[in-house]
There are 2 protein chains.
Amino acid sequence: MQSFNSRLIAKITAADSHLCVGLDISPEKLGISNTNLEALINHTKLVIDATRDLAVAFKPNLAFFERWGSEGFRWLEETMEYLGSDAIVIGDAKRGDIGNTARQYRASLFDHFGFDAVTINPYLGRDSILPFIEDQTKGIFILCRTSNPSAGDLQDQVTKDGPLYARVAGMALDLNQNDNVGLVVGATAPDEIETIRKIAPGLPFLIPGIGAQGGDLAEAFNAGNRNGQAIINVSRAISFAGDLSRSSIRRTARDYRDKMRELNHD
Amino acid sequence: MQSFNSRLIAKITAADSHLCVGLDISPEKLGISNTNLEALINHTKLVIDATRDLAVAFKPNLAFFERWGSEGFRWLEETMEYLGSDAIVIGDAKRGDIGNTARQYRASLFDHFGFDAVTINPYLGRDSILPFIEDQTKGIFILCRTSNPSAGDLQDQVTKDGPLYARVAGMALDLNQNDNVGLVVGATAPDEIETIRKIAPGLPFLIPGIGAQGGDLAEAFNAGNRNGQAIINVSRAISFAGDLSRSSIRRTARDYRDKMRELNHD
């Protein structure tokens, strides 16, 4: 069976795309009433239809579905079915728990929902991560240096191995025995991306923080794609582009993909 | 309005109990087929009925519900309704994400499901935590030093402020402006509980790791209940006690409560 990382790299090459389309659909951004889940479901499908051939992966953010409880999870189930098994789908769940509980989350994310990969929070250490990487066809992206303003509160704390995020990068490299471990590194910290790339050459990076969060695309892309491959996630800037029409969304997604193609082929 | 911490402390006193009953119900532990959610739902209600007057709080672990997707979340909704508004219910979610996403999780956990408090992972720093503590009637327990074998991989790393978990304890104290912040400290590390208690006197502790995980009740209870109050979570050892009958479950829960009463009144 093909490992998750090799499947992802092959798809990047085949699609000539590094664009990950994030699915973070909220009624506030759509300008509708809170109770109309149907409109959220329809917009999700519209974003998928508009970007399916442009994206190398999709990344539903579980919070935006969980917000609506069981009805929201039904929307997520419907979304997973709509995406189908050809798409690479990364569940942005940021789970992290003790081994017994981690196995329940694995059953949820990989077996029930059918994600190809998930984001994982490393605060509980290795035994909270291992259940997610036993199956080489399923992958993880471990939070390393995130894109939010207070990321450094813990992640930048200096330990004997350098900043904490560097230790996480080293741990990820160690854990990559099945070629299915990657890292989340925020576009808002391009210098840290370079440092992390030196520690973990070859590991796929998932880079959020472009668009609404203000990270610089070229800096992040170049830092992430030296000595390895990085996919760049764009959520709100694509899903809520322009007049929210399929053509606005498609045009914006294509612009992002094409900018990355230029950077890649420079 | 009463702050979450003062409500919790008042309930500990009124019930003369430090017992938190964890709800981590799996078919494997019940010895039934995977597809029979009805049996899980019924056992959840049986555990609640058997322990309602003995517990100071209940702690459903979201992983065990998420495992079943939308049907599992319906079970969680039903469980929250069954617990009612008098019970203090802590959602063991261990969420942690950037501010915009944290607000979606807040809407899920506090508004949709109606938890009184939730567990929070601090790896993303302050801005990932703030949305959860704006409402003083809702509380959080921040993961500080957890009970699993590899907890120390990151949490014990020494920084200029001492081990990372000590920094988290200090951050929690700073964040407790609305009297609604507590800490998760594992029973398997009683020395660390003492260290954390010195940094964060008065903050409520939620202590897992007793029972199936092997932590020592007396050591953990005493370390947590000096200069503050701690509630001790027991999940599997109560929910799957003896022959799984209501009387076995009740007897085991009462034993735990009574042991803690003795320790408390020593």
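Trainee: In what order do the eight strands of the open sheet in chain B stand?
Mentor: The model is predicted: local features need pLDDT of at least 70, side-chain atom pairs count only at pLDDT 80 or more, and totals for chains, interfaces and linings use all residues. Residues are numbered from 1 along each chain as its sequence is written, with chains lettered from A and ligands numbered from 1 in the order in which they are written. Strands (E, at least two residues) and helices (H or I, at least four) are DSSP runs numbered from the N terminus, and two strands pair if DSSP finds at least two bridges between them. Pairing in this open sheet of chain B is parallel, and its eight strands follow the order β2-β1-β10-β9-β8-β5-β4-β3.

Trainee: Which strands of chain B stand at the edges of the sheet?
Mentor: An edge strand here has a single partner strand, so one side of it is left without a neighbour in the sheet. In chain B these are β2 (57-60) and β3 (90-95).

Trainee: Which residue of β9(B) is the bridge partner of Leu183(B)?
Mentor: Strands β8 (residues 181-185) and β9 (residues 205-207) of chain B pair in the parallel sense over two bridges. The bridge partner of Leu183(B) in β9(B) is Phe205(B).

Trainee: How are α10(A) and α12(A) oriented to each other?
Mentor: Axes are lines fitted to C-alpha atoms, for helices over the stretch in contact, with angles from 0 to 180 degrees between N-to-C directions. The axes of α10 (residues 217-224) and α12 (residues 246-265) of chain A come within 10 Å and cross at roughly 50 degrees. Angles under 35 degrees count as roughly parallel, over 145 as roughly antiparallel, 65 to 115 as roughly perpendicular and the rest as oblique. α10(A) and α12(A) are therefore oblique.
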